[in-house]
Amino acid sequence: MDKQERKRKNTTVMQLREGVKADFEIVNRCLVVKLLEDLDHHNAVSIREQSDKLITGKNIKDIIFDFTGSEFMDSSGIGVIMGRYKKVIFTGGKVAVTGVNHSVDRIFRLSGLYKIIHKFETIDDAVKKFNNN
Amino acid sequence: MDYTNEMLLEIDSQSRNESFARMVVAGFVAQLDPTIEEIADIKTAVSEAVTNAIIHGYNNGPGKVKLSCRICNHEVFIEVTDTGKGIEDIEKAMEPLYTSRPELERSGMGFSFMEAFMDDLKVESKLGEGTTVKMKKLIH
């Protein structure tokens, strides 16, 4: 998907700048963070800032991190997801990851993060599940 | 005859260089025909070590991170060195979930991932002088 197409598709909250790390979409009270680059320390900083602005500003309950466009994550990514989890858990929110490849999946398994977050194949699966609860 | 090949890289302590560092090592190791999983292991370990040097060694400030990568037959030896502040208590730093910088949302999993994904890990550090992380992995 090229940049123009992405721009058109995202009618909700979009922050398209040079070197964009993720697309953000809000479905009901669920924030969908579509990662477009590796979730490492370098990218973690801006993804964290942009997510938090939306979580507080848009009354977000649940969060979905979609890894379809991201092939790599290290312990910095664990920090980002844990941090957002702590923000929504007090209001009964949930966190899910979707579209994870094999190596990202191993990082989640090894870190034990699957004990507190959910994994789904697609964003739609996660949205459906969250909306039913 | 032993097959050896060596690579040295020196980069500025900037977070944007983290992905560059792990890509370079992955590219260099490619000559051993590793599996996708082995490449992912090495990329993660390098990413953790370089990130540690930048965040902890240099406290997100200026400095140089040295990366040496040596191939000897089917083994890869990787060393990541900084001349930053050094680690006070290496054993504590290596404990899973321990982080000296919780305010930066560090997960404390860096050394755990290096240990899990590589076959051998050694950390040498001296306060005020810097840290070297030595890792080894056999490519099957």
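Predicted model: local features only at pLDDT ≥ 70, side-chain atom pairs only at ≥ 80, totals over all residues.
Local features need pLDDT of at least 70 and side-chain atom pairs count only at pLDDT 80 or more, while totals for chains, interfaces and linings use all residues. Residues are numbered from 1 along each chain as its sequence is written, chains are lettered from A in the order in which they are written, and side-chain values use heavy atoms, with hydrogens and water left out.

Let's start with chain B. Its 5 strands make an open sheet in the order β1-β2-β3-β5-β4, with antiparallel pairing (strands are DSSP runs of E, at least two residues, and helices are runs of H or I, at least four, all numbered from the N terminus; two strands pair if DSSP finds at least two bridges between them). β1 (4-12) and β4 sit at the edges, each pairing on one side only. From one strand to the next, the twist averages 10 degrees.

Now for the pairings themselves. β2 (residues 64-72) and β3 of chain B run antiparallel over 8 bridges, and there B:Cys69 stands opposite B:Ile78. β3 (residues 75-82) also pairs with β5 (residues 130-138) of chain B over 8 bridges, with B:Phe77 partnered by B:Lys136. On β4 (residues 120-126), which pairs with β5(B) over 7 bridges, B:Lys122 has B:Lys134 as its bridge partner. The β4(B)-β5(B) hairpin has 3 residues between its strands, and B:Gly128 takes a positive phi near 80 degrees.

On to the interface. The contact (heavy atoms within 4.5 Å) takes 20 residues from chain A and 25 from chain B. About 1800 Å² is buried between the two chains, 52% of it from carbon and sulfur atoms; buried area is the accessible area (1.4 Å probe) that two parts lose on being put together, summed over both. A:His41, A:Ser75 and A:Arg106 supply 31% of what chain A buries against chain B, more than any other three residues.

There are 5 salt bridges between the chains (a side-chain nitrogen of Lys or Arg within 4 Å of a carboxyl oxygen of Asp or Glu). One example joins the side chains of B:Arg22 and A:Asp38, at 2.8 Å from N to O. As for where chain A's side comes from, the elements giving two or more residues are α2 (41-57), α3 (75-89) and α4 (102-111) of chain A. α3(A) gives the most, with 7 residues.

How values were computed. Axes fitted to C-alpha atoms, helices over the stretch in contact; angles between N-to-C directions.
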